[in-house]
Amino acid sequence: MTMYETVRVSVDAMIEDLRRLVEIESPSRDLDALRVSANAVAAVIESRLGGQAILVESDAGPHVHWSAGGDPAVLILGHHDTVFPLGTLERRPFMVEDGQATGPGVFDMLGGLVQGIHGLATLDDRSGVEVLVTADEEVGSRSSRALIEERALGCGAVLVLEGAADGGALKTGRKGCGTFQVSIAGRASHAGLEPAAGVNALIEAAHQVLDIAALGRPDMGTTVTPTVASAGTLDNVVPAEATVIVDVRVESAAEKERIESAFAALAPHLDGAEIAVQGAVSRPPMPESASAELFAVAKRLLPDLEGKAVGGGSDGNFTAALGVPTLDGLGAVGGGAHADHEYVMIEAMAERANLVAGLVKAIQSA
């Protein structure tokens, strides 16, 4: 018998649980919706794994924690918040068609969550297994980070149920990522009568955008991308305020430090302009070394598996930065995260559930 045996995993049951979770919308920061979602996640865990799933209250919504008991050995990590606002389900309902399941949050990451739970349900021995499903991953994990790090250190190994990379590859490395906001204060004046009396925050913002974009080092995996800008009030007023928001991705701790220092050192070009910077590279890089040991185990279970380093971040960045072995991308095979065409490949669900189970058994016996 090999881990390819799927007789104990019911795809129909997984789809039913997936439907249940997708049809409870759970946009980040909507505390009422997240409470309903957390209760539903807890109910699915309890119905499939037994025991009691605890709701851990936070200012971002309830996180869900379940433990099988025994000496902690492996943390199964996921989240139940999604990026889609209430009402998305009405125009894009959960559907199963042509071998795919679709609906808001189905790939990121409710499909992986369901697969992981059903994979664990096949194990006769679940001792040492913990499941943590957070409520704020999509908005930076500020309320859940300490709990994630505590349980990762307590368990000593982390399996992350985020969606797979292209082609079903596991995510063996991730860039660190963060958002910076650069706020510029100038001085308003009449654009026709006294333009020189003002300090044009929009012109200062243009200088800053060019300076900021120049910080990128694509050859080192560092991208610095201004993404949102705003300035001005009326077409005849010299803008007194402007704001620039910047997305940053880095592959190394050294680049994280360089970028944060560079943003702190931004200086105005125009006399009288003032600059304030908020933000940081809040998710540290996940080096491929953090996943090497667990990925080798996964390859023994499924020799055709591939691993890829990706640009997006997850809560696995936090656990890997602590030195805890972390393997990511164990969730659904599909695509379209955060997009209207989001989907999960049904034919891969059983294999991925069994992969999680196989990895847990290997960790337990190590």
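Predicted model: local features only at pLDDT ≥ 70, side-chain atom pairs only at ≥ 80, totals over all residues.

Trainee: What angle do H2 and H4 pack at, and how far apart are their axes?

Mentor: The angle is about 20 degrees and the axes are 9 Å apart, with H2 covering residues 31-49. H2 passes H4 in a right-handed crossing.

Trainee: Which residues meet there?

Mentor: From H2 the contact takes Val41, Val44, Ile45, Arg48 and Leu49, and across from them in H4 are Leu113, Ile117, His118, Leu120 and Ala121. Sorted by class, that contact has eight nonpolar residues, one polar and one charged.

Trainee: Staying with H4 for a moment, which helix residues does it span, and what is the place of Met109?

Mentor: H4 runs over residues 106-121, and Met109 is in that helix. The peptide bond that joins Asp108 and Met109 is cis, with omega about -5 degrees. As background, most peptide bonds are trans.

Trainee: Where else is the backbone worth a look, say around Asp98, and what is its phi?

Mentor: Asp98 has a phi near 55 degrees, which is a positive value in a residue other than glycine. It sits in the loop between strand E4 (95-97) and strand E5 (100-102).

Trainee: Is Asp98 buried or exposed?

Mentor: Asp98 counts as exposed, because its relative accessibility is 75% and the cut-off for that class is over 50%.

Trainee: And what about His338, what is its phi?

Mentor: His338 also has a positive phi, near 70 degrees, and is likewise a residue other than glycine. His338 lies in the loop between strand E15 (334-335) and strand E16 (343-345), and with a relative accessible area of 44% it is partly exposed.

Trainee: Changing topic to H10, how many residues does it have and how far does it reach?

Mentor: H10 takes in residues 349-365, 17 residues, and reaches 25 Å from its first C-alpha to its last, which is close to the 24 Å expected at 1.5 Å a residue.

Trainee: Why call H10 largely enclosed?

Mentor: Twelve of its 17 residues are buried, so H10 is largely enclosed by the rest of the structure. Among those buried residues are Arg352, Asn354, Leu355, Gly358 and Ile363.

Trainee: What does H1 do against H10, in terms of angle and axis distance?

Mentor: H1, residues 11-22, packs on H10 at an angle of about 90 degrees with the axes 10 Å apart, and the two helices are therefore roughly perpendicular to each other. Val11, Met14, Ile15 and Leu18 of H1 meet Met349, Ala350 and Ala353 of H10. That contact divides into seven nonpolar residues, with no polar and no charged ones.

Trainee: How do the axes of H8 and H10 cross?

Mentor: The axes of H8 (residues 292-301) and H10 come within 10 Å and cross at roughly 120 degrees, which makes H8 oblique to H10. The crossing is right-handed. On the H8 side the contact is made by Leu294, Val297, Ala298 and Leu301, and on the H10 side by Leu355, Gly358, Leu359, Ala362 and Ile363. By class, the contact of H8 with H10 has eight nonpolar residues, one polar and no charged.

Methods
Residues numbered from 1 in each chain as written. Heavy atoms only, no water. Helix = DSSP H or I, 4+ residues; strand = E, 2+ residues; numbered from the N terminus. Expected span 1.5 Å × (residues − 1). Buried < 20%, exposed > 50% of the residue type's maximum accessible area, 1.4 Å probe, protein only. Axes fitted to C-alpha atoms, helices over the stretch in contact; angles between N-to-C directions. Parallel < 35°, antiparallel > 145°, perpendicular 65-115°, else oblique. Left-handed = near helix turned anticlockwise from the far one by under 90°. Contact = heavy atoms within 4.5 Å. Nonpolar A, V, L, I, M, F, W, Y, C, P; charged D, E, K, R; others polar.
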